[in-house]
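The following note sets out several points for a colleague examining this model. Each point may be read beside the sequence and the coordinates.

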Amino acid sequence: SMEHTVILKGLALDATEKSIKAFFTSNKIENIIEIRLFRWDSGRLKNFGQVVFDSVDSVKKAVKLTKEKTAAIIANIRSCDDNKILVGKIFAEQPKGCKTISVNSIPYHCSNQEVLNAYQKYKIVSVKIARNRQTHMCKAFAHAEFKTPEDAKAAFSDTSIKIHGRSVFCRYDVGPADGHRRKTPKTTTPKKRKRE
């Protein structure tokens with residue numbers, strides 16, 4: 001569950017599941033259930049990940065680790081409860097009545113149907129993969145809408161979801177699920193200076 005999960009930010013590029021586990025073990029936090037490191041399609045590590053522990057007590061111990069101890073491999077450790085950061089219209093906690101989640105770190109060649117299949121047990125209604133307006137390439141995330149807020153919450157809380165073997169992570173999303181979140185900036189022509 002999310003309450004047993006911590007978010008790792010600013011990971012060293014050479015970090016591995018083994019080195020992350022060794023780091024927590026050396027700090028006497030050993031009851032790890034799963035380590036998820038997110039990677040690009042090339043295999044290159046992204047700078048964040050998640051660790052699932054078997055108790056809330058272990059989460060509290062992990063979050064309390066000082067920056068001096070984490071600097072070599074992890075820049076920051078936060079609990080999911082502390083990660084209630086608003087980015088645009090994407091939330092880490094569920095807004096009232098929210099039925100849409102943003103599914104992140106999906107493969108670039110992923111299809112709408114594959115996301116639907118991954119969440120089919122949670123009464124998923126629709127999926128729209130975000131794509132670049134010019135190239136139509138996948139932006140590595142999708143908007144997924146569910147039948148009820150309860151279904152969305154259940155899908156959000158399922159940290160075992162993988163697509164093409166890749167772990168995904170989610171945020172609640174109250175924005176339009178059209179796959180296009182950025183507006184193309186308007187271009188303006190400079191005004192001609194009047195001759196004096």
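**Notes on the predicted model**

1. Y119 is located in the loop that connects α4 (112-118) to β7 (124-131). Helices (H or I, at least four residues) and strands (E, at least two) are DSSP runs, numbered from the N terminus. The model is predicted: local features need pLDDT of at least 70, side-chain atom pairs count only at pLDDT 80 or more, and totals for chains, interfaces and linings use all residues. Residues are numbered from 1 along each chain as its sequence is written, and side-chain values use heavy atoms, with hydrogens and water left out.

2. Is Y119 buried or exposed? Y119 is buried, its relative accessible area being 0%. Here buried means under 20% relative accessible area, exposed over 50%, and partly exposed in between (1.4 Å probe, protein chains only).

3. Beyond its neighbours within four places in sequence, Y119 is in contact with I101, V103, I124, F146, A155, I161, V168 and C170; contact means heavy atoms within 4.5 Å. The C-alpha atoms of Y119 and A144 are 8.9 Å apart, although 25 residues separate the two along the chain.

4. Helix α1 comprises residues 17-26, and its residues I20, F23 and F24 are buried. These lie on the same side of α1, because they cover an arc of only 90° around the axis; the arc is that of the directions from the helix axis to the C-beta atoms. An α-helix has 3.6 residues a turn, so residues three or four places apart point the same way. K18 and S26, on the other side of α1, are exposed. Just after α1, K28 adopts a positive phi of about 65°.

5. Strand β1 (residues 5-9) is largely enclosed by the rest of the structure, because 4 of its 5 residues are buried. Two strands pair if DSSP finds at least two bridges between them. β1 runs antiparallel to strand β3 (residues 45-53), to which 5 bridges join it, and I7 stands opposite Q50 in β3. β1 also pairs with strand β4 (residues 76-79) in the antiparallel sense, over 4 bridges; N76 in β4 is the bridge partner of K9.

6. For the protein chain as a whole, the secondary structure amounts to 5 helices and 11 strands. Of its 196 residues, 43% are buried. Among contacts between residues at least 6 apart in sequence, 69% join residues at least 24 apart.
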